[in-house]
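Q: Could you help me learn to read a new structure? I would like to start with contacts and then move on to charged pairs.

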Amino acid sequence: MTGLRAGEVADAAGVNRQTLRYYERVGLLAEPDRTLGGHRIYPVETVTVIRVIKAAQRLGFTLDEVAELLDLGTHRHGKPGLQARATAKLTEVETKIADLEIIRDTLKAAVAAGCDDLIVCSHIPSCPLPFAGLADGKAADAGSCC
């Protein structure tokens, strides 16, 4: 029987053995063959699949999304492929970045205004806290606060 044992796959892919078992349970990896002694023997390509999974996760894809992408690679079913999914993920990331920029600007305004007490600041109309403008997508201007 040729292939790699769990420890070899884990080492080569930069994950631990529990990750392999988890990926099997959730269907990202097919259950491997076993030796007569019960040891898992994975195809050599498993290392590449795991590296692809980890790379997709670093790009912001959830494991469910990764599973769909892997399935699309083998069975198209007329569904949009990687280009469409990557474009949608890029839009999500850009939205998150815009939200984080608003949070950053609001925090800068709070620091510049000298805000030191959320309760006190919440009663001062010019205070950038408690982030009332965030719901509207606006950062507060730095003014004087508490």
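Q: Among contacts in the protein chain between residues at least 6 apart in sequence, what share joins residues at least 24 apart?
A: A contact means heavy atoms within 4.5 Å. Here, 53% of those contacts join residues at least 24 apart. Please keep in mind that this is a predicted model, where local features need pLDDT of at least 70, side-chain atom pairs count only at pLDDT 80 or more, and totals for chains, interfaces and linings use all residues. Residues are numbered from 1 along each chain as its sequence is written, and side-chain values use heavy atoms, leaving out hydrogens and water.

Q: How many salt bridges does a search of the whole structure find?
A: Side chains of opposite charge can pair when their charged atoms come close. A salt bridge is a side-chain nitrogen of Lys or Arg within 4 Å of a carboxyl oxygen of Asp or Glu. The search finds 5 of them.

Q: Which residue forms a salt bridge with glutamate 65?
A: Lysine 89 does, with the closest N and O atoms 3.0 Å apart. This pair links distant parts of the chain, from helix H4 (residues 63-74) to helix H5 (residues 82-113). Helices are DSSP runs (H or I, at least four residues), numbered from the N terminus.

Q: Is lysine 89 buried or exposed?
A: Buried means under 20% relative accessible area, exposed over 50%, and partly exposed in between (1.4 Å probe, protein chains only). Lysine 89 is buried at 7%, while glutamate 65 is partly exposed at 24%.

Q: Which residues are linked with Lys89 in a network of salt bridges?
A: Glu65 and Glu92 are. Glutamate 92 sits 3 residues from lysine 89 in helix H5, and their closest N and O atoms are 3.2 Å apart.

Definitions and conventions. Helices (H or I, at least four residues) and strands (E, at least two) are DSSP runs, numbered from the N terminus.
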